[in-house]
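Student: I have a model open and would like to learn how to read it. Could you walk me through it, feature by feature?

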Amino acid sequence: GRAPPPAWTRSASQHLDVETSGLPAQTPAAPGAEGAADRRAGSGEGTATSMQGAAASPALPPAVESELRDVLGYSGTADALVDEGLLPSNVCTPESAAHLNRIGAGLFAMHQYDVALIMFTHAQSMESMLSGGSIPGKPMTLTNIGGVYTTLGRYDEAMATYTTALRLAETDEERTYTNHNLAALKVKMGQLEDALDLMMNVLRVRIQQHGEEHERVAEERSGIGMVLNSLGRPSEALPYLRDALRQQRLLLPPRSEALGVTCNNLALSLAALASRQDSPESRGEAMACFAEARDIFEDAGRVLRRAEVLHNMAGVHRDAGELGDAIGLLREALAAREERLEPDHPEVAASLVGLGEALCEQSSFDEASRLLERALRIRRKTLPEEHARVVSVKNALRTALEALQREVQQRASSVEVL
């Protein structure tokens, strides 16, 4: 069965960050080199539930229902909360909208993205009503909605929502918050240079706001390092990531999830350099960083984050020719993603490609071709045919099918000879 989500806790902030400094995003790869990209792919957290179409009313955690009653005076059921489309008008206040954002952020942290989206959408409706319909909602709330869309793989809706949020933004904080999350979306869409430009601008604003030594500044540095990794520039990424890790070890609790994110990103830089320079020392440091990230996410109940680290560790094993270890980790990562995500989620496709290519290296062409065919179907749903990620999967699939055909012909020839 599915592992239980973390216990409900009230969120201290109404702002929901899609972690731009999150695990490494897929980067376009040259034909035949998908392993250098997808096997180091990563994502934000996701869920198997989509808000598209007519969905059954989700169950609210008891603590959330209690909080809605106590703070907002809402006495209806979860069904009514969904079906009414808006909380009762007597609780339509700025404070209620802010509180719904906080509840949504807490639900997001619990991986209950469908219900989080409902909360954010109610907050948006309240803000629109309070403005007399002059705005569709406040920029921060719209950005929270965009964050859920991003996590669910609904990238076009996320982009439209962020665009509206930026059009309405009036303060540096609103613009910075939205650009931070817009950069995360562009990473997932493979628009890495655009993402890097946004992150650099956000970093400059964060330093102006907070100074050099601040956890937000460290978070942006980690995100920049992640994108540089994805662009194939690990030497440039390394100083950003080492500085981010130094700051976070000083400023954050020792098992902070942000620390796990940076450990993962740093491990990716070290692994890439170890491969290029044939450095056992860098490989050892990379695996130690991966292990720390894995343990942090496991302790925090972040199943998908842990899966991403396993996915990345598999890449190091593949580079070392340790295919058995790599395939075991890739299967575990894929299983976690398939349990928590929609079957056609982009991150499931990333795992399918990584495992498919590893199986090709093991000459398991039948299973590899089936996995790559499924990955191609998923990617074609969200990406144009000429996109590098689609092209690379097509090339990998063609190679697997050609090898499988040769294998079948060889077996047939053997039978004829006998």
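Student: Happy to start with the overall fold: how many helices and strands does the protein chain have?

Tutor: This is a predicted model, and the secondary structure of its protein chain comes to 18 helices and zero strands. Of the 418 residues, 56% count as buried. The accessible surface is about 17100 Å², with 52% of that belonging to carbon and sulfur atoms.

Student: What share of the contacts joins residues 24 or more positions apart?

Tutor: Taking the contacts with a separation of 6 or more, 67% are between residues 24 or more positions apart.

Student: How do I describe the packing of two helices?

Tutor: Two packed helices are described by the angle between their axes and the distance between the axes. Here, the axes of α13 and α14 come within 8 Å and cross at roughly 160 degrees. Angles over 145 degrees count as roughly antiparallel, so α13 is roughly antiparallel to α14. The crossing of α13 past α14 is left-handed. On the α13 side the contact includes R283, M287, F290 and F297, while the α14 side includes R305, V309, M313 and V316.

Student: Now single residues. Is C92 buried or exposed?

Tutor: C92 counts as buried, because its relative accessibility is 15% and the cut-off for buried is under 20%. Its place is in the loop between α3 (78–84) and α4 (94–109). Leaving out residues up to four places away in sequence, C92 touches M126, M129 and L130. The C-alpha atoms of C92 and M126 are separated by 5.6 Å, although the two are 34 residues apart along the chain.

Student: And where does T161 lie, and which residues does T161 touch?

Tutor: T161 lies in helix α7, residues 155–168. At 12% relative accessibility, T161 counts as buried. With residues up to four places away in sequence set aside, T161 touches L142, I145, G146 and Y149.

Terms used. Residues are numbered from 1 along each chain as its sequence is written. This is a predicted model: local features need pLDDT of at least 70, side-chain atom pairs count only at pLDDT 80 or more; totals for chains, interfaces and linings use all residues. Side-chain values use heavy atoms; hydrogens and water are left out. Helices (H or I, at least four residues) and strands (E, at least two) are DSSP runs, numbered from the N terminus. Buried means under 20% relative accessible area, exposed over 50%, partly exposed in between (1.4 Å probe, protein chains only). Contact means heavy atoms within 4.5 Å. Accessible areas come from the Shrake-Rupley method with a 1.4 Å probe; for residues, only the protein chains shown count as cover. Axes are lines fitted to C-alpha atoms, for helices over the stretch in contact, and angles run from 0 to 180 degrees between N-to-C directions. Angles under 35 degrees count as roughly parallel, over 145 as roughly antiparallel, 65 to 115 as roughly perpendicular and the rest as oblique. A crossing is left-handed if the near helix is turned anticlockwise from the far one by less than a right angle, and right-handed if clockwise.
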